[in-house]
Amino acid sequence: MNKFALYRGPVLGYFRRSAMWLSWVMGLLVFAYTGTLLLDGNGFDLLIDGVLSMLTQLVLLTVCWMAIGRAGRGHPELVLTAVAVSGVVAANVYELSALGRGEVLTFPSPTNVGYLLFYVLMTIVIGFRVRRRARGLDWSVLLDGAVGALGAASVLAAFLTPFLDSVGGASPDASGSIAVAYPLFSLVLALAVGGVAASQSSAPDRRWILLVLGLMIFASTDIVFGIMGGRYVVGTPLDAGWMIGLALVVVWLDASTRPDAAPGHAARNAAALVLPAVSTIAALCVLVLSSQVTVSPFAIALAATTLALATLPLISRQRALRRQLRTDDLTGLPNRRALYAAVDGQLAADRERPRSLLLLDLDRFKEVNDSLGHDAGDRLLIQVGSRLASELAPGDFLARLGGDEFAILLNDSGQLEAESAALRLRAALAAPFTLEGIALQTSASIGIALYPEHGDDLTGLLRRADMAMYKAKSSHSGHHLYRSADNKHGSTRLRTLQELRTGLAGDQLVLHYQPKIELKTGTVNGVEALVRWNHPTRGLLFPDQFLALAEESGLMHSLTQVVLCQALDQAVVWLAAGRSFTVAVNLSASSLVDAQLPERVAEMIESRELPASALTLEITEEFLMADRERAKDVLARLRGGGIRISVDDFGTGYSSLAYLRDLPIDELKLDQSFVFPMAEDARAAALVASTIDLAHGLGLRMVAEGVENEVAYDELVRYGCDYAQGYFICRPVAAADLDLWLAQREISAGTA
């Protein structure tokens, strides 16, 4: 490492601190100079216009060139800015020295050259700025810049009408030419400033505002100078205007060389729309003004051009808005509004042409959102939309209706073509999707409605396709063609869904309890809670008549909450009566993806002052195998609170048994399909015996469900099964009936 490298960091730090200090000094001097001129600006004063003015300009130059040294090479616009500022300061120094000597300046003089050079160089600087910024900009932003430039120039040209008219008249003298030149250069600068302001209003770097403001103040001071006759008098408030404008340009130059300047938001915000709008209104005012007073034809031409250009982005934005209204924001596919427009147009063009409408809904999409998050769900929908689009023929129409529903309109399609397309689309979605590093498989249910058989407009077709889709979902058939019988089913389903919502809110759900017998002792120390719906008109409904509907409609979380509350309340009643029963509650896979479930269940148990062992949660193998890591986390948190975990319907899954080793489980419930044939099928009995041995070898309890006869009961006792439940022992009954059954059983046991 060389000596320069060793000292470079401290030296640069020193210069940065010095530059910041000088910037504050510059601001204080400009403030002091402006204040003294406003309080006493009636002519030349040696202290104000000599010492204070020169000291302020000296600090301006110092800050300016220190910034250039800090920026290094590759910034020609910054160097040109420094030269422009130096030219103005040099002109002021020359003029002040001439006044001190009593010398009368004649045209041309270095003073005029310095000021005119400032306009030329700063116009070039803005050109550099716009050229660099214009790379990659949308054409609408460039158009906004042109509108801003022409609008600003039209207003200034209107104010400068006398000067613009004098340009075409008799040749003015030298001083008059200079008086006209300054406003003309101001006009050019206003053109450039308006353009950069409008085009960069959405830029993330807000430092450009300093440059625009400084140039506007500088040019405005020149305009006032021109209106007052172009005769310069030292020591007036006009000097403060030039100084402030110059200082802001220097502040911009200094800030542009600081890498730690905080950028603003890159989004195209309200300012990006306000500036072109203001320019357009200003141009309109110029045209209105021209009907009342004399305005330069040049100003009128600029204003008219501004309005003409302003209509282009309005037309473009109108078209973009129309596209946006008919486009799904997430997938980029047409939305419901676009589907209606497309179908109406096609039906109006040819009503004899056969068509079919397919309504596709992803199966169990809610679980993806709940387990992986809505971002992953959104990415899945994007990939699904892309796959569906790739399977369609030219002329077919795909739209996302919302959520996980997609509609496909097929042209020249009857029943065979529609069903073939449904199979093709489901096959395309069967291939795994990759989300969050996980290979995820999904499926879809598709409802099919044919035109004109099932409806002569889109509303009717959508309604029937929706009925067919829910039929496909409930029957797990993949796709279903609408039939007239589905209309009744659809109406019944909608009515049942509404009644279920009412039932959840109106305490219509009740629990029946089926006891579990400990086979070694014959005692009852646990029950399984099974939900029933006490429907006001249809009577007692079993779970197969409403659980699937609750799952599809997103009511399972509410239903689970009701079941848990009732089961735990009953456990409190039994505990008070001296029966310390463990109550088992079934949880669906959709309930278990709730990240807050362990904490909420623990709170429910604690609020009732029950031991955690009073609750057993029964979980299907489906959940355990769908997301092993998530299952491990949820079960570990539940077990950590003392809640017991049971695997329901064990043996019906198709996956590896490795989860028995990895996951925190207390017991297995052998599915009744193994228990039923035990008495007549030796192989079924052997499977039951080996499964019981497997559970005991892993330290788990085994519960056999579906015990229907005495033979099965005795065999389970012989194989060493821990618990059993079934109709042979007791059917699921209400809590009061179970209490009566238990009392009779105890009496019978005492008599025996």
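Which residues form one aromatic cluster? In this predicted model, the cluster is formed by Tyr513, Trp574 and Phe581. A search of the whole structure finds 4 aromatic pairs. One of them joins Trp574 and Phe581, whose ring centres lie 5.3 Å apart. Their planes meet at 65°, so this pair is edge-to-face. Trp574 and Phe581 are both buried.

Tyr713 and Phe728 form an aromatic pair of the tilted kind. Here the distance is 5.8 Å centre to centre, with 55° between the planes. Tyr713 belongs to helix α27 (residues 710–719). Phe728 lies in the loop between β16 (723–725) and α28 (735–751). The pair therefore ties together parts that are 15 residues apart in sequence. Tyr713 has a relative accessible area of 17% and is buried. Phe728, at 37%, is partly exposed.

An aromatic ring also meets a charge. The charged end of Arg387 sits over the ring of Phe433, at 3.7 Å from its centre.

The largest nonpolar core holds 76 residues. Tyr513, Val583, Val585, Leu615, Leu617, Leu668 and Leu716 touch the most other members. Helix α19 (residues 556–576) gives the most to the core, contributing 8 residues. The contacts of Leu617 can be listed, leaving aside residues up to four places away in sequence. They are Leu564, Val585, Leu587, Leu638, Ile643, Arg644, Ile645 and Ser646.

Five-stranded pairing was examined next, in an open sheet of 5 strands. The strand order is β2-β3-β1-β6-β7, and the pairing is mixed. At the edges stand β2 (397–402) and β7 (479–481). Each has a single partner strand, so one side of each is left without a neighbour in the sheet. From one strand to the next, the twist averages 20°.

Within the sheet, β1 (residues 355–362) pairs with β3 (residues 405–411). The sense is antiparallel, over 7 bridges. Arg355 stands opposite Asn411 in β3. Helix α12 (residues 336–349) packs on the sheet. This helix touches β1, β2, β3 and β6 (444–451). The direction of α12 makes about 140° with that of β2.

Methods. Residues numbered from 1 in each chain as written. Predicted model: local features only at pLDDT ≥ 70, side-chain atom pairs only at ≥ 80, totals over all residues. Heavy atoms only, no water. Phe/Tyr/Trp six-rings, centres within 6.5 Å; stacked < 30°, edge-to-face > 60°. Buried < 20%, exposed > 50% of the residue type's maximum accessible area, 1.4 Å probe, protein only. Helix = DSSP H or I, 4+ residues; strand = E, 2+ residues; numbered from the N terminus. Lys NZ or Arg CZ within 6 Å of the ring centre and 35° of its normal. Core = buried A, V, L, I, M, F, W, Y, C linked by side-chain atoms within 4.5 Å. Contact = heavy atoms within 4.5 Å. Pairing = 2+ DSSP bridges. Axes fitted to C-alpha atoms, helices over the stretch in contact; angles between N-to-C directions.
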